[in-house]
Amino acid sequence: MEAKFDEKFNTIEAKIEAVRLEVQTNREQLVNLGKRQGSTENRLWALLVALFLMVAGLLAKITLFDRGY
């Protein structure tokens, strides 16, 4: 009887450890996703700033340096 109890206890303990490892893996994946999202966000802002500067430069060229040819 005690051997059966020990076997079940060890099985449950192994399952708990497996779940603990899975949670740790998921936590690490979430951290990595957060880092990737931050870099993607930075690239998006860089693109938006570049587009804004391009449009502003084009408008300045048209309004200030247009000779009407």
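Arg20 and Glu17 form a salt bridge, with 3.2 Å between the closest N and O atoms. The criterion is a side-chain nitrogen of Lys or Arg within 4 Å of a carboxyl oxygen of Asp or Glu. The structure holds 1 such salt bridge. The model is predicted, so local features need pLDDT of at least 70 and side-chain atom pairs count only at pLDDT 80 or more, while totals for chains, interfaces and linings use all residues. Residues are numbered from 1 along each chain as its sequence is written, and side-chain values use heavy atoms, with hydrogens and water left out.

Arg20 and Glu17 are 3 residues apart in helix H1, which separates them by about one helical turn. Helices (H or I, at least four residues) and strands (E, at least two) are DSSP runs, numbered from the N terminus. Arg20 is exposed, at 54% relative accessible area. Glu17 is partly exposed, at 36%. Here, buried means under 20% relative accessible area, exposed means over 50%, and partly exposed lies in between (1.4 Å probe, protein chains only).

The secondary structure of the protein comes to 1 helix and 0 strands. The radius of gyration is 30 Å, well over the 11 Å that the globule rule gives for 69 residues, so the protein is more spread out than a compact globule. This radius is taken over C-alpha atoms, and the globule rule is 2.2 Å times the number of residues to the power 0.38. Along the principal axes, the C-alpha atoms fill a box of roughly 100 × 15 × 10 Å.

Two C-alpha separations describe the spacing along the chain. Ala14 and Val31 are 17 residues apart in sequence, and their C-alpha atoms are separated by 26 Å. Ala14 lies in helix H1 and is partly exposed, with a relative accessible area of 48%. For Asn42 and Val19, 23 residues apart along the chain, the C-alpha separation is 35 Å. Asn42 is also found in helix H1. Its relative accessibility of 54% makes Asn42 exposed.

The structure holds 1 aromatic pair. The ring centres of Phe5 and Phe9 are 6.4 Å apart and the ring planes meet at 20°, so the pair is stacked. Rings of Phe, Tyr and Trp (its six-membered ring) pair if their centres lie within 6.5 Å; planes under 30 degrees apart count as stacked, over 60 as edge-to-face and the rest as tilted. Both Phe5 and Phe9 lie in helix H1, 4 residues apart, about one turn of the helix. Phe5 counts as exposed, at 56% relative accessibility. Phe9 counts as partly exposed, at 44%.

Of the 69 residues of the protein, 0% count as buried. The protein exposes about 7000 Å², and carbon and sulfur atoms supply 65% of this area. Accessible areas come from the Shrake-Rupley method with a 1.4 Å probe; for residues, only the protein chains shown count as cover.

Leu44, Trp45, Leu47, Leu48, Leu51 and Met54 make a nonpolar surface patch of about 620 Å². Patches are made of residues with over 30% relative accessible area and no salt bridge; like charges are joined within 9 Å, and nonpolar side chains (Val, Leu, Ile, Met, Phe, Trp, Tyr) within 5 Å. Leu51 is found in helix H1, which covers residues 2-65. At 39% relative accessibility, this leucine counts as partly exposed.
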